Structure formats: structure tokens, C-alpha cells
Amino acid sequence: MENALNLFRAAAVSPRVHIGNVAKNCQEIKKEYDSQAAQADLVVTPELSLTGYTCADLFNNRNLLDMACRGLYDLTMHTQKYGEGGAALVVGVPLEKDGELFNCAALMHNGRLIAVVPKTYLPNYGEFYEKRWFSAGEQDAEAFEIICGMQKLQTTFGNNLIIEIGMEKKVCVGIEICEDAWAPVSPGRLLALNGAEVIVNLSASNEVIGKAQYRKNMLGAASAGCICGYVYVSAGKYESTSDLVFSGHNLMYENGKLIGENKPFDNTVLVKDFNLTKIRHDRIANKTYSECKNNFCRRSYVRLACEKPLVEKSEILTKLSITPFVPSKSRRERSLEIFQMQVTALARRIEATKSKCIVVGVSGGLDSTLALLVSAQAVKNLGLPAGTVTGITMPGFGTTSRTKNNSMELMGYLGCTVREISIVDSVRQHFKDIGQDECVQDVTYENCQARERTQILMDVANKEGGFVVGTGDLSELALGWCTYNGDHMSMYAVNTSIPKTLVRTLVDEIGHFMDENGFSGMKTVIEDIIDTPVSPELLPPNADGTIAQKTEETVGSYILHDFFLYYTLRYGMSPDEVFCLCQEAVRRNSMYKFSDEEIRKWQNVFYTKFFRQQFKRNCMPDGVKVGSVSVSPRGDLRLPAEIEPEEFLI
């Protein structure tokens, strides 16, 4: 897995602190480090973890400062126990330099003290008095020798340092300390603009009401704006409680997304993986990042090597869903948000075109159900009669009574103008015209039906002074699973950026919501539509009247295809990386049993179809974008139609 996945594992630990007792603090840090050294790439402890943050005027005591240096040496030598494969360790320590005392973060690995970073901004307001003891400011990188009793440590001192952890694969790490993150222009932001991919913050942030959420908002925004990983490690509850209390509220963010949190006063170890591919992809894609880099990177930054091979990950220590498009929490709320975007966009198009009606082909399947729900709500929001929506069911050779009845019932509950137009006779005439044998159920047999349905929809829309609302979804567009100039075409496509796995969720949540809010009676039919197999119903049904043509038996599971689509388009991941992530996601979800062979087979189908069907996307109708992945040729995806997929097959 390590060959394909670009992962960096960080451990945030808040050891029990013994205020002013460096020897005991060293033992506590060693214990935490030893538990993570073999599995993590980086172990981070809080601000002034070697002494305790709340030592106050004891920081002026020579004994404490000498002991801190000895403790720093002791910890540095301890990391040698694990060799080059052991985790790098970051501790907080007060250090004297040129007659000044600095609040520092020290990074060590395999017996080397690689970097010492002083705090840039010292809080001296409210409950904080750091300028009473420490000096601060910009310190350019320079060689620094620390006297540790009878021993010495050679290192580099400065707050313009970026540490490259790794050998063949490397990750760039920048360090800031507590208040630095609260500054309007933080050192972490400048480090990120100069190449740091993960920012580490050693903190001692006390708790007051509301501060935990404020802290999360601030750090999430910093991670999002800097397009970086962020490790925030705070002093725990064993600091002095004279006037203040500390909680060990440790946090990790990736590109603005919270990937790990220790709740305040929950003194546990937080270990998570950062996906470097995601960070690097978004930095390349977001040109504002590079423009800021060019505008604000006027200070030179020094890179230091930490030659530690990144650990082999037997599992991924971060959230990973087999259905990345589907919200895992607040499903109703997120579904309503998406639905509102679709409804608002369609209503605006109705107003702009001054249409007298909108026409929807209703099959009784998921996609047309969602489009119909959106259409019904859009005309309601505009104050138009429900009959402004004309729903047309067009039974053909493969239509089953189940889907036809569901479509008729649904239109009835929504108050649409209902029309039933059979395509059987017209398609047979067309077969005769072009010389197609009806017994030959090939692609022509199927596509003739799809194009006949589109012709009916378009012509009815012309006749009634309206336009056709498209029903096709993002997954179908990605695979090209639509008939060119058939269901491929409409005047406005409301589902165009919604993948199949999300369509199912939306129909479920929105259908029940509308049933509870003005469109009562739909619950049963909505549930049956959700349970109906996905099918274009272009081939005759089975002898018992059930659906014979099931899409996923031909193209593969939409669960897999949507997973491939998400990680290929959202993060530009390589096929091998997508494969490894999919293996892990399947392993975590007992509902889906896909073997490695099945994943590989359908992943190759995905790449082949995705690239070879680009010509259909080059002339797709416009429609509202609701998520981070879209295939619109006018916005998110510009590809030539002649890409050769062979290099993407695994």
C-alpha cells in the first residue's frame, strides 16, 4: 500500500505534565513517544512540554533552564533507540540564546536535533504574560549550539525553517507555536506558501466558554486557506489551575476538513493520516495559492532534511467512505441544501425563458423521480400551478408495470399534468424505415427507443411553449451511459452534477420531506422507486414481468464507479492509489463484498468508458453544479475526446 498511497501519519499527544520537573516530563514524553514511534511519522507534544507551560517566573530560574537543556539532550538521544525508521519527535522547550530566552519547538530524530523554532508572537494580554519571560520576533536560520551539561547539541535555530521528512517520498513540515496561529498573518501561512504541506502548532491554549469552537473555526480556516494539513497539540489538564484550566484540545485538519479531534479534557492520543495527494492536487489546481505565493514570499526559507522513511501503512487512520458523495451526517439537512440549489436553478431558468410549462420524461426510476420532485417544487416556489409540470410516461418494449405504475402514482401526488405516450408503434415504424430487425436486440434496438422518447419530449415542449428538464445524472455522464442525442439531451439538466449514489439518498430524503410538507401520500411509492433495480428498460422484461435489463450487471456497481469518479476527478489520484483506497474502503464496509479482482475489473471499465465517452460530455446541456465534482465542458472538465485510456488500466 505504501507504494501507491502518499500518506503522512502524525500523532498528537498531550502527556501528563509535572510543572517544573523536567526529569518526570521526559519520562512522560518518552512513554508517549515509545507508544507511537514505530507506527507514526511524527509525534508532536504541546508548547513547553518539557517544563510545563505554567511555570511563570520559574522560567527565570537557572536550574530549570539547565534541566530543560539536559532533558532536550536526553530526548534527542532517546529517539536513537528506533533508528532512522522511528518517528520524528517535536517537544516544547525554553532555550537561552545570545542573552535572550525563547519559547521554542524542537524537532529531533534518530539522535539528531534537527531544528529549533522560536515562537514568533508572544501573547501579552488578558491572562497571558509571556513577554515577562520570553523574547520573540523573526529569527533567520543560523547554526545553534546548545550546552546540555557535559554534552552539546548542534542544530539550526530560526522560524524560517521547513523540515523535509522522508527519503524517496518526502513531506514538508513547518512549525509554529500557539499565538502564532492567532496572528492576522501567521507564520504557518507563510510557511505553507513557501512549501510546507503540514503545519504543526504546539500550543497551550486555556479553555473559556466558546473558545473550543472558535479555535476549531480558526484552524479549519487556516488549513483551508493554506491548502495544508494542520496538527494542533495543546497542553492538557495537568497544567496549573491557578486562575486557568487547560484541556488538551488536539485537532487535525486536511485542506480545511476536520479529520481528527480530541474533545476538550479527553486526554487521549490522536493519530491520523494526511493524504498528501489531496494537498498537492488542490495546490496545483488552485491558482490563487500560487499567486499568493508569488506575492508574499519575500523572505527566504531554509529546508532541513529529516531522513526518516515514511512508515508503511497497513491501514489508513482516517475516515474513508465507500460512498464519498453521500453525506455521512446531517443527511436530511445536506439533502435539502442540494435540493434547494436544484430548485432555485430550475426556477431561474423557467423565469428567464418565460416558459409556460416544463416537460419531464418520467420512467419510474431514481433519476426521473428526482428531476420531477425538483420540477414540482420549482413551480410551487414560483407560485405557478402544479400542472405547469408536464410529466410524460412513454412505455416501450421493456417497460414493466411496476415502473409505469410508480411513475403514474408519483405524478398524481405531485399534481402534474400527466400524459402517457407509447413509443411502441413509432419505434416499429422507425425500425422498418431503417431496416432494423426487431428480433435483433442490439444497441440500435435500444437507442432507437431512447431517441424516440427524446423526440416526444422535445416536440411536446415546443408545442406547449416550454422546455425539457433533463434527468440524467453525473455517473451516467462519466460512463457515457446515455444515448447520444437521446436521454443525453435536454434544455436544462438538473441532475447533471449528482452521482447515482447521491441520487438515491436525495430521492429518499426529499421524497419523505415533501410527503411531510404539502405533497402527502408519496411515501410508499418513493420507497418502491428506491427499491427498484436501476435499468433503462429498453429490453423486454422477464416472463414474470420483472425487469430483465439491470444496468449494474453490464457496467458494474455504481458504488464502485462513483468511488473511482470521486478520487479521479476531485483529487487527480493515480489508478494505483484509487485502487488501494477502494480496497480499504470496501474492507471497512461490510455491506459491500467486492473482491480485489472485481475492483480491478470495474476500475478498468471505468477508465475506458470515462475517456472514450468524452465526446458526449463535450456537447452536454447545461445544469446546476452542486458539489466539488462536475464534468461540464464549460466549467470543470475540459478534455480532448481522443485520450487513449491504456496508461490508466491497472
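Is cysteine 580 counted as buried or exposed? At 10% relative accessibility, cysteine 580 counts as buried, where buried means under 20% relative accessible area, exposed over 50% and partly exposed in between (1.4 Å probe, protein chains only).

This is a predicted model, in which local features need pLDDT of at least 70, side-chain atom pairs count only at pLDDT 80 or more, and totals for chains, interfaces and linings use all residues. Residues are numbered from 1 along each chain as its sequence is written, and side-chain values use heavy atoms, leaving out hydrogens and water.

Let's turn to the cysteines. Searching the whole structure gives 0 disulfides, a disulfide being a pair of cysteine sulfur atoms within 2.5 Å. Cysteine 148 is accordingly in no disulfide, and it counts as buried at 4% relative accessibility. For cysteine 580, the closest cysteine sulfur is too far for a bond.

| Cysteine | Closest cysteine sulfur | Distance |
|---|---|---|
| cysteine 148 | cysteine 69 | 5.4 Å |
| cysteine 580 | cysteine 582 | 10 Å |

Now for a pair of helices (DSSP runs of H or I, at least four residues, numbered from the N terminus). Helix α1 (residues 22-36) packs with helix α2 (residues 62-78) at an angle of about 25°, and their axes are 9 Å apart. The two are therefore roughly parallel, a label for angles under 35 degrees. On the α1 side, the contact (heavy atoms within 4.5 Å) involves residues including Val22, Cys26, Ile29 and Tyr33. Among the α2 partners are Leu64, Met67, Ala68 and Leu75.

Key: Axes fitted to C-alpha atoms, helices over the stretch in contact; angles between N-to-C directions. Parallel < 35°, antiparallel > 145°, perpendicular 65-115°, else oblique.
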